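Subject: The structure we talked about

Hi there,

Here is the structure I promised to send over. Have a look at it first, and then read on for my notes on what turned up.

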Amino acid sequence: MKILLAVSELAGIVKNGGLADVASALAFWMKKLGHDVRVVMPGYREALDSLTTDVVGVGEVIVSPWFRTGYAIREGDFQGIPVYFIEHSHYFDRAGLYTVDGEGFGDNAERFAFFCRAALPVCEMVDFQPDVIHGHDWQSGLLSFYLKVHEGSNPFFFNTRSVMTIHNGAYQQSIDGFMMGKLGIDPQYFTPDYFKEGNRINLLKGGIAFSDKITTVSPGYAKELLTEKGSHGLSHILQRRQQDFSGILNGCDYEHWDPATDALLPATYSIDNLEGKSICKRTLQESLRLRVDSEVPIYGMVSRLSEQKGFAYLVPVLWEFLQKDIQVVLQGSGDQAVAKELDHLSRVFPDKCKFIEAYDNRLAHLIEAGSDFFLMPSLFEPCGLNQLYSMRYGTLPIVRAVGGLADTVTGFMDGNMEATGFMFGSAAPSALLNSLNQTEVVYRDQEIMDRLIANAMSTSFSWEHSAREYLTVYTSIE
């Protein structure tokens with residue numbers, strides 16, 4: 001198949017979140033499976049600085065009589081995959097991808113409308129006639145609309161179909177309805193069945209309405225998105241498209257996340273020889289000036305600091321749990337209110353709790369390897385990746401039974417010896433604390449710990465399997 005991935009970020013070039021990892025893995029595996037896959041993305045300053053590119057064309061976007069602008073197409077080679085960058089200095093030559101100083105750019109809707117509109121003529125200019133254009137999240141929300149409406153009579157795209165993946169339904173991006181003309185949206189499509197949400201244009205909603213197929217990143221999250229409570233307001237349109245909607249679990253990048261080959265660790269280890277994990281634990285304690293003690297359980301967490309990740313009830317629980325002989329290591333950045341609370345915890349319990357307000361890849365790997373348990377008490381989690389990393393590293397995840405967490409972790413309930421971690425249900429401090437107390441008891445039983453670690457390290461979530469599921473979606477479009 002000829003597949004065009006239209007993405008706003010790509011791991012290895014420029015990354016803001018998990019979308020970049022998914023896009024990069026999908027491109028790699030589609031190519032490995034023998035398909036002609038190409039990527040189109042914005043020509044951000046950081047992206048053009050990271051890869052050698054050549055100008056292969058120029059064009060002009062005419063979204064409407066009031067919105068015309070030129071651009072250049074730069075082509076680069078990323079691991080043998082052609083990547084086309086839409087270069088436009090006003091929209092993309094900025095220090096950030098979506099935000100500046102934590103605030104979203106005021107013209108984000110315009111920026112990505114421009115990207116979506118330019119992505120289609122790029123195909124013609126480089127003579128690449130895709131069978132499927134696969135967009136991701138709200139940034140590509142207008143792509144399927146432009147394909148069906150603006151390019152509906154263009155014979156070049158007669159056999160091209162569209163797929164949209166929702167990575168996180170909480171991020172939708174809306175803009176005042178009076179911007180219809182500038183975005184090229186005819187008033188007939190400014191209705192609740194398409195883009196309209198109150199008096200605003202909802203880009204993600206429009207993408208769902210016009211895409212031939214819609215996917216999300218786990219079967220569990222797909223079920224949640226169909227409910228009013230878990231859909232972030234999208235349940236009605238997704239229920240209408242239910243037969244075209246499915247959940248495909250993200251895979252895990254075991255090339256970069258495998259303790260047997262991880263060059264970022266002080267010692268490697270495997271399911272057959274865990275000696276290196278003990279070395280990683282000691283190194284983690286030493287590097288963060290925690291008491292070096294192999295008998296003390298370490299609870300690690302690497303996370304974006306946001307409401308979604310469950311800090312509202314995690315922080316109160318840690319105040320109580322840290323009274324025990326345990327250690328907690330947290331790394332992340334984001335919400336400054338959460339950061340201040342975690343910093344306060346680490347100051348009150350300096351010998352037990354460390355908070356690192358940053359993202360350091362080497363430290364993230366060490367936390368995964370050196371911890372005994374990994375905290376993921378999310379309010380909602382479309383898929384989640386850290387629980388997959390944790391299981392491979394023999395670090396038992398503690399998760400809430402939502403979305404992709406429930407799809408990937410088998411909880412230790414009623415003495416289930418096939419468990420790969422621990423799970424709780426209610427988004428309440430008491431439920432989380434009960435689960436943490438259970439982990440502390442289990443930690444003292446070496447036989448059970450060894451069994452659960454072996455279970456966790458034996459799990460595998462292959463990107464090849466996920467890529468084949470996406471191919472099934474592609475080929476199912478009539």
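Let me begin with the aromatic rings: the count comes to 27 aromatic pairs. Keep in mind as you read that this is a predicted model.

One of these pairs is Tyr44 with Phe92, which is edge-to-face because the ring centres are 5.9 Å apart and the planes stand at 80°. The two partners come from distant parts of the chain, 48 residues apart: Tyr44 sits in the loop between strand S2 (36-42) and helix H2 (45-50), while Phe92 belongs to helix H3 (residues 89-92). Both Tyr44 and Phe92 are buried.

Tyr194 and Phe210 make a stacked pair, with 5.1 Å from centre to centre and 25° between the planes. Tyr194 is in the loop between helix H6 (180-183) and strand S11 (196-197) and Phe210 is in helix H7 (residues 203-210), so this contact ties together parts that are 16 residues apart in sequence.

The charged end of Arg117 is over the ring of Tyr146, 5.6 Å from its centre, and Arg392 lies over the face of Tyr254, at 3.9 Å from the ring centre.

Which strands pair with S19? Strand S18 (residues 373-376) runs parallel to S19 and is joined to it by 4 bridges. Strand S20 (residues 422-424) also pairs with S19 in the parallel sense, over 3 bridges. Val399 is a handy landmark here: Met376 stands opposite Val399, and in S20 the bridge partner of Val399 is Met423.

S18, helix H14 (residues 386-392) and S19 make a right-handed β-α-β unit. S19, helix H15 (residues 403-408) and S20 make a right-handed β-α-β unit as well.

Best wishes

Key. Residues numbered from 1 in each chain as written. Predicted model: local features only at pLDDT ≥ 70, side-chain atom pairs only at ≥ 80, totals over all residues. Heavy atoms only, no water. Pairing = 2+ DSSP bridges. Helix = DSSP H or I, 4+ residues; strand = E, 2+ residues; numbered from the N terminus. Right-handed = clockwise from strand over helix to strand, strands pointing away. Phe/Tyr/Trp six-rings, centres within 6.5 Å; stacked < 30°, edge-to-face > 60°. Buried < 20%, exposed > 50% of the residue type's maximum accessible area, 1.4 Å probe, protein only. Lys NZ or Arg CZ within 6 Å of the ring centre and 35° of its normal.
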